[in-house]
Amino acid sequence: MSALNEQKLKKALSIILPCFVMPVVIVVGSLYSREKSYALSSLVLALLSLVLFLCGFESKNTGTRRLVIIAIMVALSSLGRLIPIVKPVTFLVVITGITLGPQAGFLTGAFSAVISNISFGQGPWTPFQMFAWGMLGFIAGLLEKPLNRKKAYLYLYLFFGGVFYSFIMDIWTVLWYEQGFVPELYKAAIISAIPYTLVYACSNVVFAVLLAKPMCEKLNRVKIKYGV
């Protein structure tokens with residue numbers, strides 16, 4: 001395969017995997033096999049996340065260094081879930097996407113969910129968490145320039161990112177309990193979760209106000225120093 005065709009394939013996979021393949025894996029796993037289906041779905045998502053991460057490479061052999069940084073961000077996200085009520089996972093995943101790229105952002109989000117749930121408990125919610133946090137990191141990487149240019153854009157993204165995460169988890173609630181999507185039940189789930197959604201969305205902004213600048217500067221210095 002020529003270098004040009006390989007690059008086109010990677011670019012296509014970078015769109016197809018997160019936007020089409022992964023949602024299908026999650027929905028099928030939720031609808032057609034209730035017993036332990038989440039374990040298989042989580043495994044498939046983890047493997048697809050690694051494939052997506054590899055699609056971000058061109059000719060640079062910096063995979064090991066980037067994976068070390070991602071592992072650190074995953075560890076920080078997992079520890080952050082120990083904080084009562086507010087969780088910095090979305091914030092850390094978004095910062096990773098902005099500084100290391102969309103593929104790294106998705107991998108960080110997906111693995112933050114599956115690794116932290118070793119302590120918090122694996123379940124049918126895990127694939128949905130992997131996808132929601134992964135997509136927030138992926139989109140943040142695509143929007144890196146505007147999010148870096150104006151802090152207001154970053155704050156808005158993190159706020160609505162918290163809302164997006166809640167909406168995705170409410171889909172899991174409906175699918176898992178009804179084995180099908182019921183719009184009325186989904187609307188009720190969204191309304192009942194409004195207080196928690198607002199707290200989570202606002203906490204993302206607070207983390208950004210306090211920590212976004214020093215964390216981005218630190219990660220950018222690491223990128224330059226180690227050629228990541």
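This is a predicted model: local features need pLDDT of at least 70, side-chain atom pairs count only at pLDDT 80 or more; totals for chains, interfaces and linings use all residues.
Let's start at a glycine. G56 is partly exposed, with a relative accessible area of 29%.

Where is G56? G56 sits in the loop between α2 and α3. Who does G56 touch? Leaving out residues up to four places away in sequence, G56 touches R66 and Q103. G56 and K10 are 46 residues apart along the chain, yet their C-alpha atoms are separated by 7.5 Å.

Now step back to the whole chain. The chain has 10 helices and 0 strands. Read along the sequence, the pattern is α-α-α-α-α-α-α-α-α-α. The C-alpha trace spans about 50 × 45 × 30 Å along its principal axes.

Is the chain compact or extended? Take the number of residues, 228; a compact globule of that length would have a radius of gyration near 17 Å. The chain has 17 Å, so the two agree.

How much of the chain is buried? Of the 228 residues, 47% count as buried. As for the surface, the chain exposes about 11,800 Å². Carbon and sulfur atoms supply 71% of that area. Take the contacts between residues at least 6 apart: 74% of them join residues at least 24 apart.

Next, helix α2, residues 37-54.

Which residues of α2 are buried? They are S37, Y38, S41, S42, L45, A46, L48, S49, L52 and F53. Pick one of them, S41, in helix α2. S41 has a relative accessible area of 6%, and because buried means under 20%, S41 counts as buried. What packs against S41? Setting aside neighbours within four places in sequence, S41 is in contact with V25, G29 and P127.

L40, L43, L47 and L50 form a nonpolar patch on the surface. Together they have about 380 Å² of accessible area. One of them, L43, is found in helix α2.

On to helix α4, residues 89-100. It has 12 residues. From first C-alpha to last, α4 reaches 16 Å, close to the 16 Å expected at 1.5 Å a residue. How many residues of α4 are buried? The count is 12 of 12, so the helix is mostly covered. Among them are V89, F91, I95 and L100. The buried set also includes T90, T96 and T99, along with G97.

What happens after α4? The helix is followed by G101, whose phi is positive, near 110°.

P88 is found in the loop between α3, residues 63-80, and α4. Buried or exposed? P88 has a relative accessible area of 7%, so P88 is buried. P88 touches G80, R81, I83 and F207, not counting residues up to four places away in sequence. P88 and N204 are 116 residues apart in sequence, and 6.4 Å apart in space, C-alpha to C-alpha.

Technical notes: Residues are numbered from 1 along each chain as its sequence is written. Side-chain values use heavy atoms; hydrogens and water are left out. Buried means under 20% relative accessible area, exposed over 50%, partly exposed in between (1.4 Å probe, protein chains only). Helices (H or I, at least four residues) and strands (E, at least two) are DSSP runs, numbered from the N terminus. Patches are made of residues with over 30% relative accessible area and no salt bridge: like charges are joined within 9 Å, nonpolar side chains (Val, Leu, Ile, Met, Phe, Trp, Tyr) within 5 Å. Accessible areas come from the Shrake-Rupley method with a 1.4 Å probe; for residues, only the protein chains shown count as cover. A salt bridge is a side-chain nitrogen of Lys or Arg within 4 Å of a carboxyl oxygen of Asp or Glu. Contact means heavy atoms within 4.5 Å. The radius of gyration is taken over C-alpha atoms; the globule rule is 2.2 Å times the number of residues to the power 0.38. The expected span of a helix is 1.5 Å times one less than its number of residues.
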